[in-house]
Amino acid sequence: MISKRLGTLGIVAVLSAGLLAGGCKPPSENVSGDIGGSEGRRIINIPAQMESRGKYKVQEIDSAEYLVARGEVGRSGGTFMDASIGDGPKTFNPWVSKDGTSSKVASFYSAGLVTSDAYTGKAIPYLAKSVTVGDDNMTYTVVLRKGLVWSDGQPLTADDVMFTWNNIIGAGLGNTSMRDNTLVEGRFPEVRKIDDLTIEFKTAKPFKPFIRRLGYDIAPKHVFEPIIKQGGKDAFNAAWGTSTAQSNPERLVGAGMFLVESYNPTAQRIIYKRNPNFHMVDKMGNRLPYLDRYVLSFVNDMNNLQLQFEQGNVDVYQVSGQFVSHVRTLDKPGLSYTLYNLGPADGKTFLFFNLNPRKNPDTGKPLVNPVKSAWFNNQKFRQAVSWAVNRDDIVANILKGVGAPAYTAESPVSPYINKELAKGHPQDLDQARKLLKEAGFQLKDGALHDARGNRVEFELLTNSGNDQRENIGVMLKEDLAQLGIKVNFKPMEFNVLIGRYDTGEWEASIMGLGGGSPLEPHDGFNVWRSDGALHMFNQRKPDAQGRVDISDRYPWEKELDEIFEKAAQTFDEKKRGELYDRYQEIVYEQQPFIYLFSPLQIVAVRDRLQNIDPTPLGGVTHNLEEIWINESAAGAEGGSPL
């Protein structure tokens with residue numbers, strides 16, 4: 001699934017202002033990369049730095065204020081066909097979602113006060129007409145546009161904003177990551193209504209990333225207030241589940257460009273229809289979006305996704321490394337498309353161990369076998385594994401050169417990346433063996449044992465259907481076998497894997513995190529903070545009151561907490577850079593995530609889609625509301641809905 005509106009939730013959905021000001025700028029070199037070889041169709045490289053188109057203009061029509069799209073005028077009608085790997089969403093409630101699929105599914109019918117400019121990453125008003133930051137760097141005054149309405153025709157006002165922030169996010173309903181990411185020294189911002197169109201937010205202290213939090217989706221008060229009054233937190237968390245989307249999709253009231261028309265979990269397909277009350281127009285005053293429908297289907301693996309593209313059933317296809325050569329040389333009658341290289345992806349793929357030393361509160365048994373937990377919590381063991389990984393082979397053989405080895409927590413396009421650490425190191429088995437020996441491990445008959453004579457063996461998980469991760473698992477198994485480590489590699493269905501993470505009863509895994517902005521490291525705070533909902537390598541569960549005990553955090557976890565707190569309150573970009581350098585040093589030294597690679601984003605777009613304007617930050621469909629279909633274009637007939 002390629003549609004990408006830069007949101008706010010770190011892994012799951014992911015808006016910055018003024019981040020390029022001061023002494024921190026993106027790398028000046030073209031980081032888009034170049035795909036070698038001259039055979040087949042040309043790949044268009046998109047520059048890493050792009051000029052802003054400026055804020056959306058506002059046009060008043062019949063006493064309502066609409067955003068004016070920045071692209072060329074198109075034509076209405078048609079259906080956009082999209083697909084993604086997986087089994088579909090776990091929920092249609094964006095305030096509950098904890099996975100990328102569910103958040104993306106909701107992004108088509110939900111909207112926030114601000115959004116991210118796909119060209120620069122700066123925050124720009126969306127539902128808001130303006131956002132003003134006070135001289136104290138703590139007060140944010142948000143003015144809504146006049147005449148906003150929900151998809152069911154009810155007015156969207158400051159009451160909805162107040163309800164969302166105070167009764168959902170601040171109350172800790174749904175995914176508590178939203179609340180956690182707005183806390184400053186443990187305090188939630190004060191939110192008060194000035195009038196029907198004006199809301200004032202005030203943070204406890206200056207908090208530079210806060211303007212990004214204004215991108216959280218706004219909830220319809222008239223829909224959710226009765227639900228919460230009747231059933232509280234449990235009722236809210238259950239609202240807008242998959243059964244609602246299947247039987248009563250009209251209940252999914254939103255302010256986004258589309259509405260859910262139908263959801264068929266058996267066919268694994270969501271059909272969206274245009275929202276007639278969407279708040280944007282084109283330059284001629286025509287209501288957007290142009291598309292009548294947007295169809296999102298789910299397939300079980302990358303091979304199936306490629307097949308659907310070749311059959312004309314998918315309009316936009318993110319090409320994984322192993323398929324780039326094939327797609328470049330693909331010559332199929334009726335299938336006309338263009339390839340774009342958008343540069344390094346935001347997220348990275350990594351190997352990580354379960355460092356959780358705690359017990360299951362229900363059974364009293366350790367979440368991880370204490371023998372194995374001792375290995376995983378040994379810094380030199382993790383470092384040895386990192387030295388044993390052949391990242392160059394992964395890039396060459398699995399990504400087919402369409403990517404680069406990764407060693408640091410920040411994206412290659414981040415202005416805060418520690419360039420020295422990003423250089424990394426090649427595979428060095430001798431260094432790995434040296435570290436293991438220093439940690440008390442020894443070889444016996446070719447098998448690695450710890451100081452107590454236990455054979456080093458663990459289970460490695462990843463999600464099935466993702467060919468890249470499955471192939472990486474096989475390579476990692478071979479790499480670690482050279483150290484005498486036995487790896488039992490076990491791919492499993494994605495939702496089952498997430499369930500294992502939730503229980504805390506797992507040993508090692510291959511996974512990836514993405515969705516945060518490469519322009520703001522604080523978007524990853526929920527990953528690095530000791531009580532963060534995405535602190536996956538050492539997950540702490542909240543108690544019945546929602547409190548998380550971090551008294552047992554490691555010294556390096558404590559330092560990371562302090563760094564992110566301080567950086568968030570620092571407006572001096574040089575000092576912020578120094579703090580974020582140190583955070584990357586800690587992650588590099590401790591290896592809680594053993595980073596493997598950053599892929600390049602190679603995207604195939606069928607030529608029937610018009611107003612395509614790719615950017616590295618926004619992808620190829622950041623302007624989905626103004627994309628239109630030229631049915632007379634070559635290959636426009638395509639296939640049929642999946």
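## Close-up views of a predicted model

**View 1. Helix H1 is mostly covered.** Six of the eight residues of helix H1 (residues 100-107) are buried. Buried means under 20% relative accessible area, exposed over 50%, and partly exposed in between (1.4 Å probe, protein chains only). Helices (H or I, at least four residues) and strands (E, at least two) are DSSP runs, numbered from the N terminus. This is a predicted model: local features need pLDDT of at least 70, side-chain atom pairs count only at pLDDT 80 or more, and totals for chains, interfaces and linings use all residues. Residues are numbered from 1 along each chain as its sequence is written, and side-chain values use heavy atoms, with hydrogens and water left out. The buried residues of H1 are Thr-101, Ser-102, Ser-103, Lys-104, Val-105 and Ala-106. Their cover includes strand S12 (269-274) and strand S14 (293-299), where contact means heavy atoms within 4.5 Å. At the N-terminal end, Asp-99 caps H1. A side-chain oxygen of Asp-99 lies 3.3 Å from the backbone nitrogen of Thr-101.

**View 2. Four strands form an open sheet.** The order is S7-S8-S10-S9, and the pairing is antiparallel. Two strands pair if DSSP finds at least two bridges between them. Strand S7 (128-133) and S9 stand at the edges, each with a single partner strand, so one side of each has no neighbour in the sheet. From one strand to the next, the twist averages 20 degrees. In a regular strand, side chains alternate between the two faces of the sheet.

**View 3. Strand S10 is largely enclosed.** Four of the five residues of S10 (residues 198-202) are buried, so the rest of the structure largely encloses this strand. Strand S8 (residues 139-144) pairs with S10 in the antiparallel sense over five bridges. Val-142 has Ile-199 in S10 as its bridge partner. Strand S9 (residues 190-195) also runs antiparallel to S10, joined by five bridges. Here Asp-195 stands opposite Thr-198 in S10. A hairpin of two residues links S9 to S10.

View 4. H2 lies across S8, S9 and S10, and runs at about 170 degrees to S9. Two packed helices are described by the angle and the distance between their axes. The axes of H2 (residues 158-169) and H5 (residues 221-238) come within 11 Å and cross at roughly 10 degrees. Axes are lines fitted to C-alpha atoms, for helices over the stretch in contact, and angles run from 0 to 180 degrees between N-to-C directions. H2 and H5 are therefore roughly parallel to each other (angles under 35 degrees count as roughly parallel). From H2, the contact includes Phe-163 and Ile-168. From H5, it includes Phe-224, Ile-228 and Phe-236.

View 5. Most peptide bonds are trans. The bond from Leu-288 to Pro-289 is cis, with omega near 5 degrees. Pro-289 is found in the loop between strand S13 (280-281) and S14.

View 6. Most residues other than glycine have a negative phi. Phi of Gln-591 is near 55 degrees. Gln-591 lies in the loop between helix H18 (573-590) and strand S24 (594-606), and counts as buried at 7% relative accessibility. Asn-611 has a positive phi of about 65 degrees. Its loop runs between strand S25 (609-610) and strand S26 (628-629). At 17% relative accessibility, Asn-611 counts as buried.

Note on methods:
Parallel < 35°, antiparallel > 145°, perpendicular 65-115°, else oblique. Polar contact = N/O pair within 3.5 Å; in protein donor to acceptor, adjacent residues only side chain to side chain.
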